[in-house]
Amino acid sequence: MTAQRDGDAGGGAAVELQGVTVGFVSRRVLTGVTLRVPRGGRLGIIGPAAGGKSVLLKVIAGLLRPDAGAVRVLGHDLAAAREREVAAVRRRVGMLFQNYALFDFLSVGDNVAFPLVHGGAPPEGIEARVAARLRGVGLAGSERKLPSELSGGMKKRVGIARATVARPELALYDEPTAGLDPVTTSKIYDLLRADQAETGGTCVVVSSDVAAVAGFADTIAMLHDGRVRWVGPAAALFDADDPLVRSFARGEEREGAAVLARAVAIEPPGAGVWS
Ligand SMILES: Nc1ncnc2c1ncn2[C@@H]1O[C@H](COP(=O)(O)OP(=O)(O)OP(=O)(O)O)[C@@H](O)[C@H]1O
Ligand SMILES: [Mg+2]
């Protein structure tokens, strides 16, 4: 059962975005994004590269304030809240970053323990909780390793353990299975499913593995050019009326390839670190 916390209206949505707009320098990345995730819901976010998926997740996590629009997370208006209130909400949210964002100077065990230590969990239970989480992601006994000793897929799994160890009310996963083999991918989704059954929490998963995320999420949103192009039940995604959405989801050549080509074309030309 999810505890009701200070400031929550209770029930209703875990995440409510209304007209969220974000820009960097001269470039707009998100435009008028409106989405709602009910408590206990599982939203999957798909879409071409550079479409704003990771930026959207950071907005939901309270790490990035939008230029316009409303961001209501676990009952708090993050777009208007003071930093202290945002930090309090953030402690109730677990996040896996696309680039893992592990602390290189901390061991695997200390990385995973971080949300517990900083969330004020009783110290005597921490070691066992970390061990159990690492077992859950198939990394039992790796507490003393350093992130630099791990493969990319292992770092990803440590990131998942860290994001979920405190049993957050809202879990945000940015590409939780990128670079993982199909067996590990299905084990990861089994773990997320089991976590959710246990906590009744809410999940938002960004993934390029459309089939896997559609099998996990109850609702899918497709972002395209920073806008919500389609939202609907995961089961309807592959037969969506919108041909662009349908072909992207199915990985089909013509429209799907055109979507990807446009996404790459809108990237500003790189400063060229090699030139
Ligand atoms: N902090 C930032 N400063 C400037 N531009 C940024 C910043 N973060 C993201 N962007 C730009 O915003 C756009 C969207 O980035 P984002 O990381 O959200 O894409 P994405 O949909 O997650 O792509 P991918 O599938 O490759 O992970 C990109 O053009 C990126 O360069
Ligand atoms: Mg991304």
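I began with the terms for packing: axes are lines fitted to C-alpha atoms, for helices over the stretch in contact, and angles run from 0 to 180 degrees between N-to-C directions. Helices (H or I, at least four residues) and strands (E, at least two) are DSSP runs, numbered from the N terminus.

This is a predicted model, where local features need pLDDT of at least 70, side-chain atom pairs count only at pLDDT 80 or more, and totals for chains, interfaces and linings use all residues. Residues are numbered from 1 along each chain as its sequence is written, chains are lettered from A and ligands numbered from 1 in the order in which they are written, and side-chain values use heavy atoms, with hydrogens and water left out.

**Helix pair**

I looked up α5 (residues 152-164) against α6 (residues 182-199): the angle is about 0° and the axes are 12 Å apart. α5 is therefore roughly parallel to α6 (angles under 35 degrees count as roughly parallel, over 145 as roughly antiparallel, 65 to 115 as roughly perpendicular and the rest as oblique).

Which residues meet? From α5 come R157, I160 and T164; from α6 come T184, I188, L191, L192 and D195. Contact means heavy atoms within 4.5 Å.

**Cavities**

I noted the rule. On a 1 Å grid over the protein atoms alone, a cavity is a set of points where a 1.4 Å probe fits but cannot get out; a pocket is an open set with protein on both sides within 12 Å along at least five of seven lines; lining residues have an atom within 4 Å of a point.

I found 4 cavities of 30 Å³ or more. The largest cavity holds about 110 Å³. α6 gives the largest share of its lining, 4 residues. T164, L192 and D195 are among the lining residues.

The second largest cavity has about 50 Å³. Its lining includes V59, L64 and V86.

**Second largest pocket**

This pocket has about 240 Å³ of space. Of its 15 lining residues, A50, G51, G52, K53 and S54 are closest to the centre. β2 (27-38) and α1 (53-60) each supply at least two lining residues. The largest share, 3 residues, is from α1.

**Confidence**

I checked pLDDT, the predictor's confidence in each residue, from 0 to 100. The chain mean is 88, and 88% of residues reach 70 or more. Residues 1-10 are below 50, with 19 contacts beyond near neighbours in sequence. Residues 266-275 also stay under 50, with 5 contacts beyond four places in sequence.

Definitions and conventions
Grid points are joined across faces, edges and corners, and a volume is the space filled by probe spheres set on the points.
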